[in-house]
Amino acid sequence: MEYFLTINNFIQNKLVLTGLLIGIFILIKIVIVSVVKKKSHNRRLIINVVNNIFTILIIVMVLNIWAAEIHKFALSITAFVVAIVLACREFIQCFIGFIYILSSRPFSIGDWIQVGDHYGEVHSNDWAKLTLLEVDIDDYQYTGKTLYLPNSKLITSAIKNLNFLKRYAMHRFTIVRDGSVNPFDFIEGLLQKATEYSSDFHEVAIRYNQLIESRLDINIAGPEPQIQITTSELGDTQFLFTIFCPTDRALEIEQQLTSDCLGMWFEKKKQLLTNNV
């Protein structure tokens, strides 16, 4: 009889019970995460899901155990509800942002996204924050920095899914020269060079371009290279290159075309100077 009374008293001690259950939940989560790290290939996604599930379970458990006390406490501080809501506004907005992300699913773990002025790969997402591995969108490289964005920012900022940039990019760059040479004299040569540099992945680029158009239900430029000639406000000649290419080849192709463009430009200018002499 005394044994059952001891168990009953232990169960009624909500503080000890809460601590014990939280410890058990955390222990189970650690075991599951360790197993996932050893046996799963898609570790980050599964670990993120496990963390979120156990976080929600712990919150629900604590609320269920302390429901009566929370109810009494809420009734006793009715006059301070507004002040408490204002004080916890950021946390409430973060939780609402978390619910919004779970329901709308604008991105998944591993996607490249833009939130406001920030670019990065989604590493994880919990009830309070979104973790991004920052990406320099100009050269498609990881910067080595980690961004922690509160979920409240996801409600007030535009979210752009840039996941297709992980494999192929619509790479654009500009070369500016003075107006002493007619660029149309060698524009065909530049286009041939651009086509040559794109030949080894041309078939894959066509399929990937069609896949993006099908998923987004839009028409995008490419995969054929494009070069436009314009002038700046100062009257200088501008070469605008648009290349649909693998992300990891973008800078390499840019350097090759820059070298070709400048070489042709200087060669043409040399011919003009020779003719004038």
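I looked up phenylalanine 91 and found it exposed, at a relative accessible area of 52%, where exposed means over 50%, buried under 20% and partly exposed in between, with a 1.4 Å probe and protein chains only. I am working from a predicted model, in which local features need pLDDT of at least 70 and side-chain atom pairs count only at pLDDT 80 or more, while totals for chains, interfaces and linings use all residues. Residues are numbered from 1 along each chain as its sequence is written, and side-chain values use heavy atoms, with hydrogens and water left out.

I placed phenylalanine 91 in helix α6, residues 89-104; helices (H or I, at least four residues) and strands (E, at least two) are DSSP runs numbered from the N terminus.

I then noted that Phe91, Phe95, Ile99, Leu102 and Trp127 make a nonpolar surface patch of about 460 Å². Such a patch takes residues with over 30% relative accessible area and no salt bridge, and joins nonpolar side chains (Val, Leu, Ile, Met, Phe, Trp, Tyr) within 5 Å; a salt bridge is a side-chain nitrogen of Lys or Arg within 4 Å of a carboxyl oxygen of Asp or Glu.

I next checked arginine 105, which lies in the loop between α6 and β1 (112-115). Its phi is near 50 degrees, a positive value in a residue other than glycine, and arginine 105 counts as partly exposed at 46% relative accessibility.

Methods
Patches are made of residues with over 30% relative accessible area and no salt bridge: like charges are joined within 9 Å, nonpolar side chains (Val, Leu, Ile, Met, Phe, Trp, Tyr) within 5 Å. Accessible areas come from the Shrake-Rupley method with a 1.4 Å probe; for residues, only the protein chains shown count as cover.
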